[in-house]
Amino acid sequence: PVVMLFALSLPPFRPVFVDRYLMPSIFFTYLFIGVTLAHGSRFLRKKTHYLVVALVVIAMVFGISNVWHYGNFAKTANPPASANAKQIYEAVVDKSGDNQPFIADSPWLFYEAVSYSTDKHPVYFIDANTQYLYGSLDMLKHNDQHKIKDITKFTADNPIVWYVGLPRGAEYNAPYTDWKELQRAYVNDSINGKPAYVAIQYQITSKK
């Protein structure tokens, strides 16, 4: 299963190797590799044996150098910008006045950001733009709290909003053509330096 996940994560496929699903088996993975190399070396020629040892050493040096480059990094203890909605929420608060809602462009971002919601800067998501394909979204599907069900009425009551999402390397535009952009805020990924989150402040003129 581990080899299959690695193979399916290679180009041109999208990565499917998710570390949290493999953590319980990581000890046995290294145990398997060690036992295989130890017993397999008895059936290899001396030159091949040295080649295998050299490849293992190179792989270990490469891994150690990555750890040295990125630091003692842990997603839970030191979350990167790409996994930290708190930073983009704080950037929005710093750049906006009171009563300017934070609208997440996806339910996944909403889950991250809603814990920082306040009365002055509430967090919402748009019902019409949300596909409830997974069971983990049922709590949003069947609960109207923080849900925008009528975007026209919502923007009439809140003429200035922040629309927030993950650009993923593409141009990030307004969800509606009549929204006028005022300013932007970014949070960059701490590893690759590219924008991980973008927040755009929009002004909406109510249609009469």
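**Group meeting: a first look at the fold**

Let's start with one residue. Thr 130 is in contact with Pro 107 and Phe 125, leaving aside its neighbours within four places in sequence; contact means heavy atoms within 4.5 Å.

A word on the source. This is a predicted model, where local features need pLDDT of at least 70, side-chain atom pairs count only at pLDDT 80 or more, and totals for chains, interfaces and linings use all residues. Residues are numbered from 1 along each chain as its sequence is written, and side-chain values use heavy atoms, with hydrogens and water left out.

Back to Thr 130. Where is Thr 130 found? In the loop between S2 and H7. Is Thr 130 buried or exposed? Its relative accessibility is 11%, so Thr 130 counts as buried. The cut-offs: buried is under 20% relative accessible area, exposed is over 50%, and partly exposed is in between, with a 1.4 Å probe and protein chains only. A polar atom of the Thr 130 side chain lies 2.7 Å from the backbone oxygen of Ile 126.

Now the whole protein. There are 8 helices and 6 strands. Both are DSSP runs numbered from the N terminus: helices are H or I with at least four residues, strands are E with at least two. Along the sequence, the pattern reads α-α-α-α-α-β-α-β-α-β-α-β-β-β. Of the 208 residues, 26% count as buried.

Next, the cores. A nonpolar core is a set of buried Ala, Val, Leu, Ile, Met, Phe, Trp, Tyr and Cys residues joined through side-chain atoms within 4.5 Å. The largest one has 20 residues. Which members touch the most others? Ile 88, Phe 102, Val 164 and Ala 199. Several elements supply at least two residues each, including helix H5 (85-95), strand S1 (102-104) and strand S6 (195-204). H5 gives the largest share, 5 residues. There is also a second, separate core of 13 residues, and Ile 126, Phe 154, Tyr 163 and Trp 179 are among them.

Look at Phe 102. Beyond its neighbours within four places in sequence, Phe 102 is in contact with a list of residues including Ile 88, Val 92, Pro 122, Trp 162 and Val 164.

Last stop, His 146. His 146 is in the loop between helix H7 (138-141) and strand S3 (147-148). Its phi is near 70°, a positive value in a residue other than glycine. At 23% relative accessibility, His 146 counts as partly exposed.

Technical notes. Polar contact = N/O pair within 3.5 Å; in protein donor to acceptor, adjacent residues only side chain to side chain.
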